[in-house]
Amino acid sequence: MKTSHIIITAIVALAVFAGCKSSKKNAFYDNIYKEKTSTIYVAPLSDIAERNAERELNDKSHNASLDIAAKHMYLTAATPLVNSGYYVIGPMASAQIAATETRTRRQLQNESIADLNERYGIDAILLTTIHRWRETTCEWTVYAEYQLRSTKSGEELMHVWVRATKLLPTDHKGVPQPLKADIDFAEAWDCDLATAQRCRLVEVLNQFILNDLPLGNRSRQYTEDRYIASRSTEYVNLLIDRDGSVEMKRTTEESFEDDCFVN
């Protein structure tokens, strides 16, 4: 898979943030530093985006595209965490934990999860949700939620709501013109271009959101990192522009009210 372009855009995105007025990481992620979070379990992604009733072949293809994107979002969530110095429970162990987990998503979000620390040494659980998709012929938008919750104290270590959009350039007739990175992704994963757009969008989104977390205490830059500026907002409006660059605009809870985290 071609990931260099994705990594570059994520770095550009973080650079955009660096220029914005924001608090230091040791303020915004105070609980992570206090608890010295080290080991993270990425729970199975909750995908509650509405699917089409499968009356035609296109409906089936559309639903399959959403399924693939959701799986890709889950599978690529660990990478930015590992790169930041956290230990992430491996896929085999995660599958076993998920298979034996009897609590609902709501219970994992609100009730005690101390047993995950006691049994597996997990410090925090990452809960991700896809709420909704919107798309046109040249634009894909996903509404997602990230929650990092401590197994020790039960406190939220991070909670972010996101609206992320990926645009494609068009020719003079308005026909979408995929970027080379989009085509390379589609060929590498043997998927259609629409699915490639969704997958590249959620992968960049994972890197953008999770790279803002403090570096894990196994990282050499752990001490210095706490004084770096953070995103420090619970609501993110992210745009991957037609040239592949990333732009983030600060937003508020009110701006999400009409946009739908409810199907």
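Arg-198 sits over the face of Trp-133, 4.9 Å from the centre of the ring. The model is predicted. A search of the whole structure finds 2 aromatic pairs, and the largest nonpolar core has 45 residues.

**Aromatic pairs**

- A pair of aromatic rings is described by the distance of the centres and the angle of the planes.
- Phe-28 and Tyr-29 have ring centres 4.9 Å apart and planes at 75°, so this pair is edge-to-face.
- Phe-28 is partly exposed, at 27% relative accessibility, whereas Tyr-29 is buried, at 0% relative accessible area.
- Phe-185 and Trp-189 form a stacked pair, with 5.9 Å from centre to centre and 20° between the planes.
- Both Phe-185 and Trp-189 belong to helix α9 (residues 180-189), where they are 4 residues apart, about one turn of the helix.
- Phe-185 counts as buried because its relative accessibility is 1%, which is under 20%.
- Trp-189 has a relative accessibility of 45% and counts as partly exposed.

**Nonpolar cores**

- In soluble globular proteins, nonpolar side chains tend to be buried together.
- Within the core of 45 residues, Met-158, Leu-205 and Ile-209 have the most contacts.
- Helix α10 (residues 193-210) supplies the largest share of this core, with 7 residues.
- Leaving aside residues up to four places away in sequence, Leu-205 touches Met-73, Val-142, Ala-144, Tyr-146, Val-162, Ala-164 and Leu-238.
- A second, separate core has 10 residues, among them Ala-43, Leu-116, Ile-125 and Leu-127.

Methods. Residues are numbered from 1 along each chain as its sequence is written. This is a predicted model: local features need pLDDT of at least 70, side-chain atom pairs count only at pLDDT 80 or more; totals for chains, interfaces and linings use all residues. Side-chain values use heavy atoms; hydrogens and water are left out. Rings of Phe, Tyr and Trp (its six-membered ring) pair if their centres lie within 6.5 Å; planes under 30 degrees apart count as stacked, over 60 as edge-to-face and the rest as tilted. Buried means under 20% relative accessible area, exposed over 50%, partly exposed in between (1.4 Å probe, protein chains only). Helices (H or I, at least four residues) and strands (E, at least two) are DSSP runs, numbered from the N terminus. A charge sits over a ring if NZ of Lys or CZ of Arg is within 6 Å of the ring centre and within 35 degrees of the ring normal. A nonpolar core is a set of buried Ala, Val, Leu, Ile, Met, Phe, Trp, Tyr and Cys residues joined through side-chain atoms within 4.5 Å. Contact means heavy atoms within 4.5 Å.
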